[in-house]
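Here are my notes for your read-through. Please keep the structure open beside them.

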Amino acid sequence: MDFRFSEDSLLLASSVREYLTDTHGVDVLRRLDAEGPYDTAIWQGLVDMGLAGLLIPECDGGLGRSLPEAALIAVECGRACLAEPLVDVAFVTVPFLLAKGETGQIADYAAGRLAQPLAHQINPYVVQKADTPIASVDPLRQLAAAGGGASDDPHLLNLGALMAAAQLVGIAEAMLDQAVEYAKIRQQFGQPIGAFQAIKHQLANCAVAIEFARPVLWRAAGALDDGLASAPIHVSHAKLAAGDAAILTAETAHQVHGAMGYTYEVDLHFWMKRAWALQGYWGSRAFHYNRIDSAILGGSHPIGADASFA
Amino acid sequence: MQFQFTPEQEAFRAEVRAWMARHVPKKPLVTLECREGFDQHVVWEKALASGNWGMVTWPREYGGRALDLIQWLIFEEEYFAAGGPNRANQNGIFLLGPTIMEFGSDEQKARFLPPMAAGDVIWAQAWSEPGAGSDMAAIRSTAIRDGDHYVINGQKTWSSRAAFADWGFGIFRTDPASSRHKGLTFILFDLNTPGITRRPIRQLHGETGFAELFFDDVRVPVENCLAGEGQGWNVAMATAGFERGLMLRSPGRFQATAKRLVELYRANADKTSPAAREAVVNAWMRAQAYTYNTYMVAAKIMAGGKIGAEASLNKIFWSELDRDMHRTAMQILGAYAELKHFDDGSVNQWLEGYIFAHSGPIYAGSNEVQRNITAERLLGLPRVGAG
């Protein structure tokens, strides 16, 4: 029992974070919003870092990392509000294909030549480049009809939900940071609004929600990596905890920004809209709630003080 | 990242489980907050001590088992899963014990720790005063040096366990010209010293577990001062850190409550609502989240890390979870919820727990104070009144 990431994993995640901070700032989001969300240079940068092959074994040209490490990096993708489909391709589709032994195109995925996420029946559409995209509230998400052949495999769904949860944690953290920075500089009644307890306590509530969503996410990533039969419950728990934390933080951050938050000029809306999108993608709140409800109240999952890691 | 317990940890779990199965009283003890119940709980402390299960995190030399934090979590899980009683010794185990180990002289360690571990001396805390609650630095009670004694005058309040305990600890103003955090000293005192008047405070449930303490020229030997005159604030902050941090409320307690809540729901499923159902499932999720977080913090501390202002997030989380779980139970129980002596105690346990859960968001630093700490120290927002 050692519930923490290795120094090596944390170092990898922080290098991704630095890279995205440097190359994928809000100026880039604004440019993608104007010109269209797909940018081969950004994709190539991610591929050059090895992220397309993060979960592919080293002997097949990948980095051979684990799902918890992928989740750690998916948090960074959420924090950066990344538009490229890295998470759905490299952290969802690829590990699914590997688990199924469908390795025919793995080298193409590792090299970033293939960037096509698999469709799943839980989603009515798929996030990918499209000539005539279905419009999303999120200006950086292009949606296409899923068409025939969408999978109904629960493992694909669990991978997708886990990684959506990871992105939601990163999105929540980014929105909390933005709200805190705004509360420090916006002055009213002769002081920064962040000195008022009415603001402080709302932001503290967001910090609590995020703090207690993160460990649920890591637990779910570990359970799915270890192939536990209970992994779907943990994944659903992570999706609920992360989704609820992100929505709470989105609404709170919006409130803290006051009327400015209602403008397109303030950056917050990119993250807020991604949170709205991911909250329902890879299984709605009701879908994930029901999975936990039936396992806990139905009695199929052991509970109690002596079942911490069941 | 590794989520399996080692064979040694599993063996330890089995050992705790076996001992608890043999020794935890079959019939729930009377509440700790009355004479009869307090005495029952002291008997339980001595039983724990006889099995060397009293102060499991303490070093062996002071009567502990020197458990690491993961073993402690396992111990607590099995303790609560077995329905172990509340600890009369709580103040000693987690507050005063670690404080004496960190700040006390060798003589003080030898004098105070063994009887604490044996359950022979039960300790009360004496922090708050009528004018110093959330704002503890507003303390006014004085301890003025007179030869080899301090002479204490003033008043403490909300002193938990003080109605029936043997000794107390708190901070007093040794420099009457000082203000706020300066000039305070941490002092231990025998509650039966002449000049101390205990006035038990009748609590929400009608019993009298905590008390007001009045000090009227109370003479306490200077060797009862911990860490030196004027160091009281630093010592108290370290103590409050232990309390608010990892050790005040281990996850086992809330997991056990969540499990009882699920069982209560199942037994009453035909008379409840979708909202109650969702509240029950939420209780399980939050208890699990608290558990994972605690294991994460434990791993961090075992690897040499420290717990800082994050402790405030913990305190907010568990105290509000506990209140929410008990409220849900009361709603499921409907008209039965108000009955004080309904059955073998299982319904009554919810009522007692609901009453007690109201104190959680207040003691050990109110949740408003915790939210300020979170906003200022973790998020970096300006301090209250700044600008």
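The points below go from confidence to the interface, then to single elements and residues.

1. **Confidence.** This is a predicted model. The predictor gives the complex an ipTM of 0.97 and a pTM of 0.94. Chain B has a mean pLDDT of 92, and 96% of its residues reach 70 or more.

2. **The interface.** The contact between the chains involves 42 residues of chain A and 48 residues of chain B. On the chain A side, the elements that give two or more residues are helix H7 (154-185), strand S4 (191-192), helix H8 (197-225), helix H9 (231-256) and helix H11 (285-298). H8(A) gives the most, with 14 residues. By type, this side of chain A divides into 24 nonpolar, nine polar and nine charged residues.

3. **A chain B residue at the contact.** B:Val281 sits in helix H8 of chain B, residues 274-302. Which residues does B:Val281 contact, leaving aside its neighbours within four places in sequence? They are A:Ile292, A:Asp293, A:Ile296 and A:Leu297. B:Val281 is buried, with 24 other C-beta atoms within 10 Å; the threshold for that label is 20 or more. Within chain B, the C-alpha atoms of B:Val281 and B:Ala258 are separated by 8.6 Å, at 23 residues apart along the chain.

4. **Strand S4 of chain B.** This strand covers residues 167-173, and seven of the seven are buried, so it is largely enclosed by the rest of the structure. Both of its faces are covered. On one side are B:Trp167, B:Phe169, B:Ile171 and B:Arg173. On the other are B:Gly168, B:Gly170 and B:Phe172.

5. **Its partners.** S4(B) runs parallel to strand S1 of chain B (residues 123-126), and four bridges join the two. Here B:Gln125 stands opposite B:Phe169. With strand S5 of chain B (residues 184-190), S4(B) runs antiparallel, through seven bridges. B:Arg173 has B:Leu184 as its bridge partner in S5(B). Note that B:Arg173 is also among the buried residues of S4(B).

6. **Helix H10 of chain A.** The buried residues of H10(A) are A:Leu268, A:Phe270, A:Trp271, A:Met272, A:Arg274, A:Ala275, A:Leu278 and A:Gln279. In an α-helix, residues three or four places apart point the same way, because there are 3.6 residues a turn. The buried residues of H10(A) pack against helix H2 (26-35), H7, H9 and H11 of chain A. Just after the helix, A:Trp282 takes a positive phi of about 55 degrees.

7. **The largest nonpolar core.** It holds 206 residues. Those that touch the most other members are A:Ala71, A:Leu162, A:Ala165, A:Val169, A:Met175, A:Leu203 and A:Leu217. H7(A) gives the most to this core, with 20 residues. Take A:Leu162 as an example. Not counting residues up to four places away in sequence, A:Leu162 touches A:Ala71, A:Ala220, A:Ala221, A:Leu224, A:Val235 and A:Ala238. In soluble globular proteins, nonpolar side chains tend to be buried together.

8. A:Leu20 is placed in helix H1 of chain A, residues 7-23. A:Leu20 counts as buried because it has 23 C-beta neighbours inside 10 Å. Beyond its neighbours within four places in sequence, A:Leu20 is in contact with A:Glu76, A:Ala80 and A:Leu82.

9. **Positive phi in loops.** Two residues other than glycine deserve a check. A:Cys81 has a phi near 55 degrees and lies in the loop between helix H4 (67-79) and helix H5 (86-100) of chain A. B:Ala66 also has a phi near 55 degrees; its place is the loop between helix H2 (35-50) and helix H3 (69-81) of chain B. Are these residues buried or partly exposed? A:Cys81 is buried, with 27 other C-beta atoms within 10 Å. B:Ala66 is partly exposed, with 13 other C-beta atoms within 10 Å.

Key: Residues numbered from 1 in each chain as written. Chains lettered and ligands numbered in written order. Predicted model: local features only at pLDDT ≥ 70, side-chain atom pairs only at ≥ 80, totals over all residues. Contact = placed C-beta atoms within 7 Å. Nonpolar A, V, L, I, M, F, W, Y, C, P; charged D, E, K, R; others polar. Buried ≥ 20, exposed ≤ 12 C-beta atoms within 10 Å, placed from the backbone. Pairing = 2+ DSSP bridges. Core = buried A, V, L, I, M, F, W, Y, C linked by C-beta atoms within 7 Å. pLDDT = per-residue confidence, 0-100.
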